[in-house]
Amino acid sequence: MKKNYKTLELPANYKPTLKEEYMSSEQLAYFYHILTERRQEVLDSQNESLTDIQNIKMANDAGAVDSIDAASAKENALMELRIMDRDNNLLRLIDSALKRLENGTYGYCVVTGEEIGIKRLMARPMATMTVEAQEEHERKSKSSASE
């Protein structure tokens with residue numbers, strides 16, 4: 001019986017290996033911790049962006065900026081909004097990976113059902129496809145875009 005990956009304590013230097021059972025409790029715990037930490041980092045980044053945008057707006061509303069500063073502030077606000085949009089996309093990917101952990105499909109290709117592989121998941125914990133399936137998906141996307 002698998003242990004609860006959400007509460008499983010791992011050694012500080014634990015890294016999944018190919019010698020272990022694929023998607024063992026330890027591996028699931030490792031990726032759960034990676035994903036939840038990354039999720040918190042993204043949420044913190046979004047909070048910083050919101051604070052920056054609010055500060056820009058307050059300075060603008062107070063009339064504390066001249067026209068050159070206002071243009072610069074507007075550009076900074078637009079950059080923060082682009083960062084937030086990127087972060088929102090990343091949050092969706094992380095949340096999707098966490099749902100796959102919950103339902104037992106994490107680590108398996110959504111197209112073929114094959115193991116994605118530890119090395120790929122270590123490099124990209126939100127991966128949903130094997131390298132081969134991802135390449136095929138990208139080839140199809142490029143060919144349909146060029147038609």
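I began with Lys-6, which sits in the segment before H1. Before going on I noted that the model is predicted, that local features need pLDDT of at least 70 and side-chain atom pairs pLDDT 80 or more, while totals for chains, interfaces and linings use all residues. Numbering runs from 1 along each chain as its sequence is written, and side-chain values use heavy atoms, with hydrogens and water left out.

**Entry: Lys-6**

I looked up the accessibility of Lys-6 and found 35% relative accessibility, so Lys-6 counts as partly exposed. The classes I use are buried for under 20% relative accessible area, exposed for over 50%, and partly exposed in between, with a 1.4 Å probe and protein chains only. Leaving out residues up to four places away in sequence, Lys-6 touches Tyr-32, His-33 and Glu-102; contact means heavy atoms within 4.5 Å. I also took the C-alpha distance from Lys-6 to Leu-93, which is 19 Å for 87 residues apart in sequence.

**Entry: the whole chain**

I listed the secondary structure and got 4 helices and 0 strands, in the order α-α-α-α from the N terminus. The radius of gyration is 21 Å, well over the 15 Å of the globule rule for 147 residues, so the protein is more spread out than a compact globule. That radius is taken over C-alpha atoms, and the rule is 2.2 Å times the number of residues to the power 0.38. Helices here are DSSP runs of H or I with at least four residues, strands are E runs of at least two, and both are numbered from the N terminus.

Along the principal axes, the C-alpha atoms fill a box of roughly 65 × 50 × 25 Å. I find 31% of the 147 residues counted as buried. Of the contacts with a separation of 6 or more, 54% are between residues 24 or more positions apart. The accessible surface comes to about 9900 Å², and 53% of it belongs to carbon and sulfur atoms; the method is Shrake-Rupley with a 1.4 Å probe.

For Leu-35 I noted contacts beyond four places in sequence with Ile-94, Ala-97, Leu-98, Leu-101, Tyr-106, Pro-125 and Met-126. Met-23 lies in the segment before H1 and is buried at a relative accessible area of 3%. Its phi is near 60°, a positive value in a residue other than glycine.

I checked Ala-123, which is in helix H3 (residues 118–123) and is exposed, with a relative accessible area of 70%. Its C-alpha atom is separated by 17 Å from that of Ser-96, 27 residues apart along the chain.

Thr-128 lies in the loop between H3 and helix H4 (131–146) and counts as partly exposed at 25% relative accessibility. Not counting residues up to four places away in sequence, Thr-128 touches Arg-100, Tyr-108, Cys-109, Val-110 and Ile-116.
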